[in-house]
Amino acid sequence: MEYRYIVVQNTYQSGRNTRIGYGIAVVTEYDGVITVLNSVSDFSADVQLIEELVERCNSQELDPIHLQDVVADFFATV
């Protein structure tokens, strides 16, 4: 099974205030249907950090079962 990591963006609104949070998801595609295998949303407001993390996960072909560990390691270094 082939999979890839993508940036996930969530927008939260409370009254006049809007906040955007970014996370990461691992997806697979079969017959044109994209399925989310695992995700962790809204753990950073810095999209560039998440884009770099996504790039590393994809270039290292990270197995989806390690996503939670990668996010935990991300928090340890930030």
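A nonpolar core, as I use the term here, is a set of buried Ala, Val, Leu, Ile, Met, Phe, Trp, Tyr and Cys residues joined through side-chain atoms within 4.5 Å. I worked from a predicted model.

**Entry 1: core.** I looked up the largest nonpolar core and found 15 residues in it. Tyr5, Ile24, Phe43, Leu53, Cys57 and Leu67 have the most contacts inside this core. I then checked which elements supply it: β2, β3, α1 and α2 each give at least two residues. For background, I noted that nonpolar side chains tend to be buried together in soluble globular proteins.

**Entry 2: Tyr5.** I listed the contacts of Tyr5, leaving aside neighbours within four places in sequence. Ile24, Ala25 and Val26 are among them.

**Entry 3: sheet.** I traced the strands next. There are three, in an open sheet with the order β1-β2-β3 and antiparallel pairing. The edge strands, each pairing on one side only, are β1 (4-14) and β3 (33-44). From one strand to the next I have an average twist of 30°. Between β2 (residues 17-30) and β3, which run antiparallel, I recorded eight bridges. In this pairing I located Val26 opposite Asn38 of β3.

**Entry 4: helices on the sheet.** I looked at α1 (residues 47-59), which packs on the sheet and touches β1, β2 and β3. The direction of α1 makes about 155° with that of β1. I then turned to α2 (residues 67-77), which lies across β1, β2 and β3 and runs at about 20° to β3.

Entry 5: Which residues of α2 are buried? I found Leu67, Val70, Val71 and Phe74. These four are on the same side of α2 because they cover an arc of only 100° around the axis. I kept in mind that an α-helix has 3.6 residues a turn, so residues three or four places apart point the same way. On the other side of α2 I found Asp73 and Ala76 exposed. I also asked what the buried residues of α2 pack against. The partners are β1, β2, β3 and α1.

**Entry 6: confidence.** I checked pLDDT last. The protein chain has a mean of 93, and 100% of its residues reach 70 or more. Among the elements, α1 has the highest mean pLDDT (96) and α2 the lowest (88).

Note on methods
Residues are numbered from 1 along each chain as its sequence is written. This is a predicted model: local features need pLDDT of at least 70, side-chain atom pairs count only at pLDDT 80 or more; totals for chains, interfaces and linings use all residues. Side-chain values use heavy atoms; hydrogens and water are left out. Two strands pair if DSSP finds at least two bridges between them. Axes are lines fitted to C-alpha atoms, for helices over the stretch in contact, and angles run from 0 to 180 degrees between N-to-C directions. Contact means heavy atoms within 4.5 Å. pLDDT is the predictor's confidence in each residue, from 0 to 100. Buried means under 20% relative accessible area, exposed over 50%, partly exposed in between (1.4 Å probe, protein chains only). The arc is that of the directions from the helix axis to the C-beta atoms.
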